[in-house]
Amino acid sequence: MKKWLLSLIAVVAIQVAAQAPWQRAVVNYSRLSYHSGNQNWQIGQSPEGWMYFANNNGLLEFDGTNWTTYPLTGNTKVRSVLPIGDTIYVGALGQFGRYIRNAKGKMIYQNLSGGANQNERINIWHIHRIGSDIFFQSDEAFYINDYKTRIDCHPGVHYSAVVYNRLYVTSYKGLSVLVDKKFVPLPGIDIRETSNIVGILPWQQQLLIVTSNKGLFTYSHNKLQPLNISTEIDNMQLSCAALSGTTLALGTMQDGVMLIDMTQHKAERISTNNGLQNKTVLSATFDSDKNLWLALDNGLDCVQLWSPLRFLSSRQSPIGSGNCSVNYQGSLYLGTNQGLYTMADGKIRFIEGTGSQVLCLDTIGGQLFCGGRQFFLSINGQHITHYDNRGVWAVRPLAGHPDVLLTSSYWGLRLMRHSPQGWHMAEEVKGADISAKTLYIEDITNAVWVANKEKGLYRLVLSPNLQSVDSKKCYNSATLPKGDNVYIAKVNGEMVIASRQGLFRYDASHDQLVNHTSLEEQLDGHTAYTYIFQAPDGHIWYATDGAMHISDGKRHRSYLNNCLMEDFESVSFTDRQQAVIGTEDGFALLYTQQPQDSTRTIQPYIRRIVIGNNADTLYYKAEQPRISWANNSIRFEYSANSYDPSQPVRFSYWLEGSGEQDWSPYTRLHIKEYTNLPEGQYTFHVKVISPDGTTGNDTGFEFTILPPWYRSWWAYTLYIISIMVAIYALYHRIMQSRQQLIKEKDEQIENLEEEKLQIELRARQDELVRSRMNVVRKNEMLQEIKKTAVSINNGLSEENLPAIKRRVVRLIGQIDTNIEHDDDLEAFRNSFDSVHHNFLKTLGEHYPQLSHKEKMLCAYIRMNLMSKEIAPLLNISIRGVEIARYRIRQKLALSQKESLTDFLQAL
């Protein structure tokens, strides 16, 4: 965090008499803070509340968090600045122009003096706005809006200002006003009185004229009258002036700035001895919070005029870091790391004998006890008593023991007893040898709680005579481990322990520490607390995250960010409206009831958006970006227009569209980064909570994360087309497969039918063969019978058996008839033609020259019967079958290469 200095007054020595020691807060910004040129000239403020400075190195911008320098072409020195809306007009040595924002929100410089005569001296010292026109004041002329329109001003211009919407200019001849593009001298002005005007301001319908060494004047109704407000300015060389309400700020060349209350005629000087970095003030401006900004010859300062804080410190003789304080008998006692001081009637005095770090200041029974590393003493009025003890952390009374005090030191607990001579050190408490930086005594039980960083937190029960410890228990645990200091105080009637693990309370019924969730919800939630204290008016003071907070149960206020002494936070009261708080540089005085005069609400602004790995950078008011998937990480940098570093501003953020359901907890971090965001529409919101607990409107930034190329609309279109093509191809393939399957099934069916037919054919052929074989066997049998009959017939004589012979002859005739005309042969032919598609009929029609036996032979050949199987069927020999086959080939006119079997199969 940038280092800043809250400067205060006053020479502090053993005895100091000067101005009131409590001084205003002044924030110093050196060139090491803003990293630009040392000299600063004019100051302006934009509608967002950002401050702009005319710096030697260019236009200097400050938004409350970040400093940015915008150099001009040629790195010329900027002498004047005027923010109007989003446009920042600048005047420099040799040129003038304006800064505007491009589509990415980046400030781009436009030179408006490019066509001016190069022989002219264009040194722009002031910039004014009248209506819609911008006037750039150079040494000898005014340029209106750009170089094209010019109004000469002879014999030159020393100073110019716009008051009551009229342009006034000064020269060595006097004071003039612009009327119809001509400068008309004002009557009634003595140039000897107004030769060096450094400011013209509106005051009670008059002109308030500030001169460098002649004092102040008012001009009205053509009369110039001196204004005698304060003799403090008589011997000062004034350089600039600014007015806010009734407060007049007069910058000087050699002694800082003079603040004058125009109604009460009170003057206050702020210079290097009470806050400023440099005595030479080149320009002064009040911002919208009525803070006074000073452009110095070396650096920038901001005087927090309406801050409720005053500070006690000195560069020349610091009193040290503030450890503790107490208001005792009308004097304020201040314990520091260098000793004890007292302040009364605006004077600070060192207490002799306290030259080491002060550890405690406790008032008991009208006496003030002060413990330090090397001393322990009490103060009773003007009488100081030193005791033989040191390293005392705290002094506490014990209920029921008015003549006994309990002290805690580096070496443990020790008693103090009261006698007619006063308080004196007594015996040590046995068994309580714990360095008790924290000491708390229960009201009813007188049980003693002690704690330090190394040994932890203990509850001690003392013996009735208080000389020893009856019981001791450590209350550290996983939720409250050792290793950190704790602070114990009574809040709302019960003991509360502030720790870096949150707030705890003692549950006596279970003898354990439990989280004090209700009090945490009332304050800053479950966070690290280093200090807690309840004031007599019921307000709770507590320290978290390096700042002091005040809560009345409804509203929270925060002060002194990064100013407190860690583990030595302290608050005391001079009265009901003033609290003294220890800081690293001394002490701060807080006016708890002082109203805040500013009506402006602190607003957050998103200043910078870094996309991806620095792939692109956007700025305030950039157009809504569409971010590629490859750069789906984004970092937001934001700020708030608050310029009091002692009063912290905290931020809360929410990324709408990301699944985040609620705002983040408030944090002082002003950077938030998101990585690997999925595609979609997003809005980043950020809001602030002010030191007084109020929240302003949130600000947002919309952006779009584009999907990766494989999830873009054209990719999805391609996917749909591809899917349609794939579906069509799949459908086509399925249909082909189905057709192929149907074809295969048809072929299978055909094959099965063919096979069935073949089986049936074989069965019929077998049947035909069997039937034919039966015919053959019958014929063979009949042939045998015939032979037998013939033999019988040949053996019989004609004389003896004529009748038998006739009968045998008749039997032979019947057998021949059956052999030649058997009906089975006809049945065979019919069955064969039915199986072989009328083969015999077709054969007879195509080849009528074939005999009956040759046709039968062709039928047997078609049945794939061999010659030895055919021979008995035709009742011929195998040789006869071969001869018959040869004859058939001739009748069929078959060549030698042609197969008779194949021919008959194909017929």
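Two strands count as paired if DSSP finds at least two bridges between them. The views below show a predicted model.

**View 1. Four strands form an open sheet.** The strand order is S3-S4-S5-S6, and the pairing is antiparallel. Strand S3 (40-45) and strand S6 (67-70) stand at the edges. Each has a single partner strand, so one side of each is left without a neighbour in the sheet. Direction ignored, neighbouring strands are turned by 20 degrees against each other on average. Strands of a sheet pair through backbone hydrogen bonds.

View 2. Strand S4 covers residues 51-55, and strand S5 covers residues 58-62. The two run antiparallel and are joined by five bridges. Look for Tyr 52: its bridge partner in S5 is Glu 61. Tyr 52 returns in the next view, as one of the residues that line the largest cavity.

View 3. How many cavities of 30 Å³ or more does the model hold? The count comes to three.

**View 4. Eight strands make a second open sheet.** The order is S27-S28-S29-S2-S30-S57-S56-S55, with antiparallel pairing. Strand S27 (281-286) and strand S55 (571-575) are the edge strands, and each pairs on one side only. From one strand to the next, the twist averages 35 degrees. Asp 575 stands opposite Gln 578 in S56.

View 5. Asn 562 lies between strand S54 (556-559) and S55. Phi of Asn 562 is near 60 degrees. Most residues other than glycine have a negative phi. Is Asn 562 buried, exposed or partly exposed? Asn 562 counts as partly exposed because its relative accessibility is 39%, between the limits of 20% and 50%.

**View 6. Cys 563 has no disulfide partner.** The model has zero disulfides. The cut-off for a disulfide is 2.5 Å between sulfur atoms. Cys 563 is buried, with a relative accessible area of 9%. Another cysteine, Cys 858, is buried at 0%.

View 7. Strand S51 holds residues 531-534, and strand S52 holds residues 540-544. Four bridges join these antiparallel strands. Gln 534 has Ile 540 as its bridge partner in S52. Five residues sit between the two strands. Gly 538, in the turn, has a positive phi of about 95 degrees.

**View 8. Asp 511 is another loop residue with a positive phi.** The loop runs between strand S49 (502-507) and strand S50 (512-515). Asp 511 is not a glycine, yet its phi is positive, at about 50 degrees. Asp 511 is partly exposed, with a relative accessible area of 28%.

Note on methods
Residues are numbered from 1 along each chain as its sequence is written. This is a predicted model: local features need pLDDT of at least 70, side-chain atom pairs count only at pLDDT 80 or more; totals for chains, interfaces and linings use all residues. Side-chain values use heavy atoms; hydrogens and water are left out. Axes are lines fitted to C-alpha atoms, for helices over the stretch in contact, and angles run from 0 to 180 degrees between N-to-C directions. On a 1 Å grid over the protein atoms alone, a cavity is a set of points where a 1.4 Å probe fits but cannot get out, and a pocket is an open set with protein on both sides within 12 Å along at least five of seven lines; lining residues have an atom within 4 Å of a point. Grid points are joined across faces, edges and corners, and a volume is the space filled by probe spheres set on the points. Buried means under 20% relative accessible area, exposed over 50%, partly exposed in between (1.4 Å probe, protein chains only).
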